[in-house]
Amino acid sequence: MVASLDNVRGLTLAMSSSAFIGSSFVIKKVGLKKAGDNGVRAASGGFSYLYEPLWWLGMITMILGEVANFAAYAFAPAVLVTPLGALSIIFSAVLAHFVLKENLHMFGVVGCILCVVGSIGIVLHAPKERKIDSMKEIWHLATQPGFIVYSCVAVACVLFLIFRVVERSGHRLMLVYIAICSLMGSLTVISVKAVAIALKLSFSGSNQFIYIQTWFFIVVVTICCLVQLNYLNKALDSFNTAVVSPVYYVMFTILTIVANMIMYKDWASQTATQIATQLCGFVTIVAGTFLLHKTRDMGNPPPPDQVCLEEARECAPRSTNSSS
């Protein structure tokens, strides 16, 4: 399948986004370490990192990555852009190995290879971007019965989880927080893509910001992002990051692809073989992502706090026996 020029642009932007975002984690960590050596660590409630240039460099790098990711949706379908977000994990893991001296376990290397192989499968068989000439055309797609039903079901599920389930089970069931983030995330991507296309058309000379529908999508992006970030922070604060990150990636990507299939009908022009190959590529990326997260601490020495805690536990029985 010959890739369209827009798909190539979207692919380039998506990979640039992954490189920027993956690098930003390492740069910010270096800045946090330097700031912690000269002041109160961030984990202890300190804000000395705000005076550290490297931390700000990491923040700028992350913002550049998010801008590139935003722009990628204007040129390529979400079926291509969203799964490639996993490549940021590879950039982060490899840079951490060389810059932070964090050992990349052999299983981590295998995870990186799986992510790359899966990404190649998706890229080679990705659908071409649908040609859209105005915001009215996007609004027509968004008001089709299928997508209206999906949006209503997604919003209803989110409201039910927030008002009926979170208070009772959110602290025990990780999927409650992740489901809220993923459902809102799928609507975020749909709206981000609409705004990105509006910007692309506006820069081409056809102003799309004269339509109220464009501003509607901007409001949806703002609301969905705030809800998404709020409950993602709660999930990360309550559960193991090594489990939250891959599970969130899988659920978010699946729901995003489903939402785009319903609204933009990305797979309408593809054969069953091409769709199956993309699904296999996605499953391969999922496997690599889980492997990377589950083995990222293998080979690294435990943090000093953990060592002290373990030593205290070992010494406690001895002191009890000696006193008796």
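Student: How much space lies in the second largest pocket?

Tutor: About 410 Å³. Keep in mind that this is a predicted model.

Student: OK. Which residues lie nearest the centre of that second largest pocket?

Tutor: Those are Ser151, Val155, Leu187, Phe216 and Val220. The whole lining of the second largest pocket comes to 22 residues.

Student: And which helices each supply at least two residues of the lining?

Tutor: Four are listed: H6 (135–142), H7 (145–169), H8 (174–203) and H9 (212–238).

Student: Which one gives the most?

Tutor: H7 does, with eight residues in the lining of the second largest pocket.

Student: What's the lining like by class, in nonpolar, polar and charged residues?

Tutor: You'll find 19 nonpolar residues and three polar ones in the lining of the second largest pocket, with no charged residues.

Student: Let's move on to H6 and H9. At what angle do they pack?

Tutor: About 60°, and the axes of H6 and H9 are 9 Å apart. Angles from 65 to 115 degrees would count as roughly perpendicular and those under 35 as roughly parallel, so H6 and H9 are oblique to each other.

Student: Is the crossing left-handed or right-handed?

Tutor: Left-handed, as H6 passes H9. On the H6 side the contact is made by Met135, Ile138, Trp139 and Ala142, and on the H9 side by Gln213, Thr214, Phe216 and Phe217.

Student: How do the residues of that contact divide by class?

Tutor: Between H6 and H9, six are nonpolar and two are polar, with no charged ones. Phe216 of H9 is in this contact, and Phe216 also came up among the residues nearest the pocket centre.

Student: Nice. Switching topic: how do H5 and H11 pack?

Tutor: H5 (residues 106–124) and H11 (residues 272–294) have their axes 7 Å apart, at an angle of about 160°. Anything over 145 degrees counts as roughly antiparallel, which is why H5 and H11 get that label. Their crossing is left-handed.

Terms used:
Residues are numbered from 1 along each chain as its sequence is written. This is a predicted model: local features need pLDDT of at least 70, side-chain atom pairs count only at pLDDT 80 or more; totals for chains, interfaces and linings use all residues. Side-chain values use heavy atoms; hydrogens and water are left out. On a 1 Å grid over the protein atoms alone, a cavity is a set of points where a 1.4 Å probe fits but cannot get out, and a pocket is an open set with protein on both sides within 12 Å along at least five of seven lines; lining residues have an atom within 4 Å of a point. Grid points are joined across faces, edges and corners, and a volume is the space filled by probe spheres set on the points. Ala, Val, Leu, Ile, Met, Phe, Trp, Tyr, Cys and Pro count as nonpolar, Asp, Glu, Lys and Arg as charged, and the others, Gly among them, as polar. Axes are lines fitted to C-alpha atoms, for helices over the stretch in contact, and angles run from 0 to 180 degrees between N-to-C directions. A crossing is left-handed if the near helix is turned anticlockwise from the far one by less than a right angle, and right-handed if clockwise. Contact means heavy atoms within 4.5 Å.
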